[in-house]
Amino acid sequence: MSERDITEVLADAPSNWGKWGDDDETGALNYLTEAEVLRGVQAVEHGRTFTLGLPIGRREGDPVWPGRSAADHYMELDKGHFESGKFEMPAAGGLEYADDVIYMFLQGTTQFDALGHVWYDDQLYNGFDAGTTKGGMGRCSIEPMADHGVVGRGVLLDVARHRGRERLDRGERITLDDLEACADEQGVDLRPRDIPLIRTGWIELFYEEGEEAFYGDEFDEPGITYSDDLVEWFHEMEIPAFGTDTIANEQTVSDETETLLPLHGALLRDQGVAFNEINRLDELADDCAEDGKYDFLYVGSPLKIVGGTGSPVNPIAIK
Ligand code: UVW
């Protein structure tokens, strides 16, 4: 990785700070007005639903960003506790029940990043002090996003299929031209305030070939790469949110800037764009390829985790 600093890379990048007031912590989701929800509803034709969330807590592990651990799920109470006499119901009657607990990273599955999840120059989205993250996000937690909800017109951009491949390679880049060519080939219009879902096929490598193949010698996901025109496009198109089937929603180390995750800085921190990461898009993609319809109502509902840096989610695409 080069010595280039993200502050230098993003010196002239567009910003939405102040656009919705100095206290705003909702960011580009403010673009999702009632009119945008209705535009999403108009994309529904059949009522077919596709859930985009990953399974959580499989014995074989879950795909996570390096340094995070997979979910740990255990039974606090099950039939065994009743059989062994370790647990007695507070009152008679014969009813028994099961309870369980999960320990997991909030970013350890299909999820939304809170706007304060990443920062540079000690400032979060809208200029809030990064010190407010200490001991729980005092600013830009997942709560304002969860209060708003993420509902609008979603558009699948199946870049893997567009390139005639099952999945992109490690570190393979996607540019703005690629996104536009993909939409053209699919015959779908990308409109202002849409929620693009970009399919690389990458996450399926974890399930098909296992951890070693997925992480490789160096963790380097394929994805959209930083460029001034891509960042301008998100700004001009007023993109409220976008999703992918990778862990970090962008090429891990940008070919263009040679820095780690510069789009987290340019889009999430500077523009307040909501990142919906680690989706499973294959079933939706197969259906879109079959009927040629690539738009749908997208519904993402992060949880209201107090001070949370993000939230697990099971987004739904409705065609
Ligand atoms: C980081 O930003 C490190 O992770 P995520 O992929 O959760 O955004």
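How many nonpolar, polar and charged residues does the shell around the ligand have? By class, the shell has five nonpolar, four polar and three charged residues. Here Ala, Val, Leu, Ile, Met, Phe, Trp, Tyr, Cys and Pro count as nonpolar, Asp, Glu, Lys and Arg as charged, and the others, Gly among them, as polar.

This is a predicted model: local features need pLDDT of at least 70, side-chain atom pairs count only at pLDDT 80 or more, and totals for chains, interfaces and linings use all residues. Residues are numbered from 1 along each chain as its sequence is written, and side-chain values use heavy atoms, with hydrogens and water left out.

**Ligand site**
- The ligand is surrounded by W65, R68, Q107, Q111, D113, H117, V118, I247, A248, L261, H264 and E277 (a heavy atom within 4 Å).
- A polar side-chain atom of H117 lies 3.3 Å from an oxygen atom of the ligand, and one of Q111 lies 3.4 Å from a ligand oxygen atom.
- I247 uses its backbone: an N or O atom there lies 3.1 Å from an oxygen atom of the ligand.
- On its own the ligand has 260 Å² of accessible area, and the protein covers 90% of that (Shrake-Rupley method, 1.4 Å probe).

**Helix α10**
- α10 spans 262-271 (helices are DSSP runs of H or I, at least four residues; strands are runs of E, at least two).
- 10 of the 10 residues of α10 are buried (under 20% relative accessible area, with exposed over 50% and partly exposed in between; 1.4 Å probe, protein chains only).
- Among the buried residues of α10 are H264, R269 and D270.
- The cover over α10 includes α1, β4, β8, α9, β9 and β10 (contact means heavy atoms within 4.5 Å).
- Just after α10, G272 takes a positive phi of about 70°.

**Nonpolar cores**
- The largest nonpolar core has 63 residues (buried Ala, Val, Leu, Ile, Met, Phe, Trp, Tyr and Cys joined through side-chain atoms within 4.5 Å).
- L156, I224, F234 and L284 have the most contacts inside this core.
- Apart from it lies another core, of 15 residues, including L54 and F214.

- Most residues other than glycine have a negative phi.
- E258 has a positive phi of about 55°. E258 lies in the loop between β9 and α10 and is partly exposed, at 43% relative accessibility.
- I278 has a positive phi of about 60°. I278 sits in the loop between β10 and α11 and is buried, at 0%.

Definitions and conventions. Polar contact = N/O pair within 3.5 Å; in protein donor to acceptor, adjacent residues only side chain to side chain.
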